[in-house]
Amino acid sequence: MSRARVVWHYARARRRTFADRAALVAWQDRHLRRVLRLAPRRYAFYAGTQPRALGDLPVVDKADVLARFADLNVRGVGLDECLAAARAAERGRDFGTTLRGLSVGLSSGTTGRQTAFLTSAAERDRWAGEVLARTLPDGLLAGARVTLVLRAGGPLYESVDGGRVSFRFVDLALDEERLLDEIRAADPTVLVAPPSVLVAVARAGLGVHPGRVLSVAEVLDPQDAAVVEDGLGVRVDQVYQAAEGFLGASCAHGRLHLAEDLVVVEREDAGGGRFVPVVTDLFRSSQAVLRRRVGDVLVPDDDVCPCGSPMLVVREIVGRSDDVLWLPRRGGVPGDALTVAGGGDVRPVLGAFHPDFVRAAVLAVPEVDDFRVDQTATDVLRLAVEPATAYDAARRSLELALAGAGLAVPSVVPGVVEPRDPLVKRRRVRRDPAVPAGTR
């Protein structure tokens, strides 16, 4: 990787501003024309097409990526080959793996089967420069000791390590005691970690005093943010990233902006003002990210941000669309009691209950420190809380919230909070894939 190229991208990103939304859209349109023109030449998936606008292309979801992986990358590398290489790297904790000139990464497999992602050296340099421009509070010249607690490290961070900015990678696979020791020794000025790790740092009293704390990889729940802010004395900001790429970061005012100078984001309605982002990357070419459905559920905030950026503000990432609970609506709602499916089956009409509603209900009980809710059937939820003595109060609070949303209260049965696997993203609310989803 090229340190000079990283710094060049950093400087360009720091200077890039848009007077208003119209200027931002003009920037997107200019780069989008190039993306659409080159897509049929680069990727077999789009061969024979002549897209003039985004709407000329299909929306691609995870199932499409799994089925057509080789047709969606510029080298024609197969998924099985990528997964084998990426999993070997994970086992050996060696993250310099490349295939045909492209670096290979492994998705977390949050919603089931894992997939892989590919990046070129130039793309990694751009990524590093763009992220540094958005996350270093005082810029490169002021210096920073950045500690990253992540599943994977590697040359991505080493490219700018040294001089005034240094990176220290702490392996998320370490046991908690050793992980905390590593963070204490690093004494970071910028700490980047999943919320579960940030909470552990805040509660451990390590004596570290970072000037900026960034939450990554997992949903940042408000109560976790409060614990971290109380323990470390600094606001928790966010970096929003997925296998689809770098999608956003908090500004100096702590508001999460989508990186709309790098990606076009279409909003797929998820009900209640929420949306699922459908992303098109304006600069990535090693792997097609064209109208890719990310699968997260976002709550937008259309108020103007004090920072002046016209890029969309996200009030909250509430979780995965796969983790929305779908439960029968209560009887007596006109037109919503029952519907007849093909073959004569009679099924209840289902209503959505989003993960943020679940969290609000369970955590309304002050005694609850942690919890899990799993939907195992259309009419069954498994609830686990810590401490277990808070279970009855948490169950009652959840049942009241469900009833208040017009849903039939399911059977709520006790479960257990499983020990944390450091390499698996924490999901407090989950729906079994076998449980059907309704329609909005």
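The crossing of helices α10 and α11 is right-handed, meaning that the near helix is turned clockwise from the far one by less than a right angle. This is a predicted model, in which local features need pLDDT of at least 70, side-chain atom pairs count only at pLDDT 80 or more, and totals for chains, interfaces and linings use all residues. Residues are numbered from 1 along each chain as its sequence is written, and side-chain values use heavy atoms, with hydrogens and water left out.

**Whole chain**
- The chain has 11 helices and 23 strands; these are DSSP runs numbered from the N terminus, helices being H or I of at least four residues and strands E of at least two.
- Of its 440 residues, 52% count as buried, that is, under 20% relative accessible area with a 1.4 Å probe and protein chains only.
- Contact means heavy atoms within 4.5 Å. Among contacts between residues at least 6 apart in sequence, 58% join residues at least 24 apart.

**Helices α10 and α11**
- The axes of α10 (residues 355–362) and α11 (residues 391–404) come within 8 Å and cross at roughly 135°. Axes are lines fitted to C-alpha atoms, for helices over the stretch in contact, and angles run from 0 to 180 degrees between N-to-C directions.
- V358, A361 and V362 in α10 meet A394, S397, L398 and A401 in α11.
- By class, this contact of α10 with α11 has 6 nonpolar, 1 polar and no charged residues. Nonpolar covers Ala, Val, Leu, Ile, Met, Phe, Trp, Tyr, Cys and Pro; charged covers Asp, Glu, Lys and Arg; the others, Gly among them, are polar.

**The four-stranded sheet**
- An open sheet of 4 strands has the order β22-β21-β20-β23, with mixed pairing; two strands pair if DSSP finds at least two bridges between them.
- Its edge strands, each pairing on one side only, are β22 (411–414) and β23 (429–431).
- Neighbouring strands of this sheet are turned by 20° against each other on average, direction ignored.
- Strand β21 (residues 380–386) runs parallel to β22 and is joined to it by 4 bridges, and V380 stands opposite S411 in β22.
- Helix α10 packs on the sheet, touching β20 (370–377), β21 and β23, and its direction makes about 130° with that of β20.
- Helix α11 also packs on the sheet, touching β20, β21 and β22, and its direction makes about 140° with that of β21.

**Helices α7 and α8**
- The axes of α7 (residues 176–186) and α8 (residues 195–204) come within 11 Å and cross at roughly 75°.
- E176, L179, L180 and I183 in α7 meet V197, A200, V201 and A204 in α8.
- The contact of α7 with α8 has 7 nonpolar, no polar and 1 charged residues.

Note on methods. Buried < 20%, exposed > 50% of the residue type's maximum accessible area, 1.4 Å probe, protein only.
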